[in-house]
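Biologist: Please take me through one part of this model closely. I want the geometry, and the cut-off behind each term.

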Amino acid sequence: MLPNVMDYRRRARKRLPRLAFDYLEGGAEDGIAMARNASAYAELEFRPDVLVDVSECRLETQVLGAASAMPAIVGPTGLNGLFWPEADIHLARAAHEAGLPFVLSTASTSLLEAVRAATSGELWLQLYVQRDRRIAEHLMDRAWRNGYTVLFLTVDVPVHGNRDHDKRNGFKLPLRPSRRLLLDLASHPGWCWRMLRHGGPQLKNLAVSANARENITEQAAVLSRQMDLALTWEDLAWLRRAWRGRIVVKGIQGLADARRAQACGMDGIVLSNHGGRQLESAPCPLEILPEVAASLGRSLEILVDGGVRRGSDIAKAAALGARAVLLGRAPLYGLAARGPVGVREVLSILRAELETTLRLLGRCRVEALDAGAVRWRRTPP
Ligand SMILES: Cc1cc2nc3c(=O)[nH]c(=O)nc-3n(C[C@H](O)[C@H](O)[C@H](O)COP(=O)(O)O)c2cc1C
């Protein structure tokens, strides 16, 4: 096991061809939003209480009606098969073993039915809505029948963000051979071998619901070019009729929209800028969290993501009012670095770090984390 999540990142960088690592890692444009997501955590310091009985530490909590072993869930990421074959299955299994819910992306490379067959854990579905609403309805119907209980509607991707690294690397599916690409692949034989053995990633879930052929170009076109750009708050009523379980809006970036989600009767929101991959210079979710938590109280569950790389980050987000954090890149670093075992290790490192943090902080239960446990080293804007 490596010492921390960033060590897995370094290992992942070595193991993946450049175009795959850049897709995993890269933020939009100059990476400002992405960098701020992480640096915001460094701007928060703890206010520990000493001489407190810390012999027992309880990290368990409830998130969206499910038990979670700590205030974290494995968030949705698309095209995971680019990092490891059957990636979604390995992520879901590792999440279950760690006692955490797993959110499967609309852009998953495994069928939602196959993920369900591989685990009895808590499974949730992330939804992108295409212009043809029947695609989303079909996807939701399949998910519900397979025991996916919570829907995450992602709202920060009406169009794809500007990702210069993908343009630089010529990252377009299917991959077109170029001198640069061939050199990149030649220096990563392990990755090439795995991809050749298992076949390249396909957006299988979407393909079934969109009736797209087993052809990644057609599938990618459904995902991006057919995205419903006219989706609005009014459409949440349609979603309520189409989905019987809880609904969470993922990608809320300000108080006004958080209130709108509340007024629409949503069960939760994720304060998120998509890991800094969409709108450059988007607000930092951790910084808007205290204001949103103060205003919305307990009327719906507030989750947050972006930049979580340490167990102490999870404690900070919980102290500022988040019910849980979503882990985006962290489990993927583990997967790309060491395969399925790497995901398990990353999740166990985060848990161990969180436990140590709570003991050193003198607050040994998740419910004991409140705003008094932290302070900003600078006044947030
Ligand atoms: C490679 C990658 C793919 C992603 N794909 C999706 C997706 O399909 N749907 C979605 O809602 N969010 C997606 N996200 C965003 C994550 O769910 C999450 O918001 C973000 O990664 C959190 O930031 P972090 O990576 O710094 O933890 C993706 C993120 C990454 C890194």
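Modeller: Start with helix α15 (residues 311–319) and helix α17 (residues 340–361), which pack at about 60° with axes 7 Å apart. Helices here are DSSP runs of H or I, at least four residues long, numbered from the N terminus. The axes are lines fitted to C-alpha atoms over the stretch in contact, and angles run from 0 to 180 degrees between N-to-C directions. α15 and α17 are therefore oblique to each other. Oblique is what remains once angles under 35 degrees (roughly parallel), over 145 (roughly antiparallel) and 65 to 115 (roughly perpendicular) are taken out. α15 crosses α17 in a right-handed sense, meaning the near helix is turned clockwise from the far one by less than a right angle; anticlockwise is left-handed.

This is a predicted model: local features need pLDDT of at least 70, side-chain atom pairs need 80 or more, and totals for chains, interfaces and linings use all residues. Numbering runs from 1 along each chain as its sequence is written, and side-chain values use heavy atoms, without hydrogens or water.

Helix α1 (residues 5–15) packs against α16 at about 50°, again with axes 7 Å apart. The α1 and α16 pair is therefore oblique too. Its crossing is left-handed.

The ligand is surrounded by 21 residues, each with a heavy atom within 4 Å. Pro76, Ser105, Thr154, Asp305 and Gly307 are the closest. The shell holds five nonpolar, eleven polar (Gly counts here) and five charged residues. Now the polar contacts, pairs of N or O atoms within 3.5 Å. A backbone N or O atom of Pro76 sits 2.7 Å from a ligand oxygen. A side-chain N or O atom of Thr154 is 2.7 Å from a ligand oxygen. For Asp305, a polar side-chain atom lies 2.5 Å from a ligand oxygen. Alone, the ligand exposes 600 Å², and the protein buries 98% of that (Shrake-Rupley, 1.4 Å probe). α2 (18–25) and α16 (329–338) are the elements giving two or more residues to this shell.

Definitions and conventions
A polar contact is a pair of N or O atoms within 3.5 Å; within protein, one must be able to donate a hydrogen and the other to accept it, and residues adjacent in sequence count only if both atoms are side-chain atoms.
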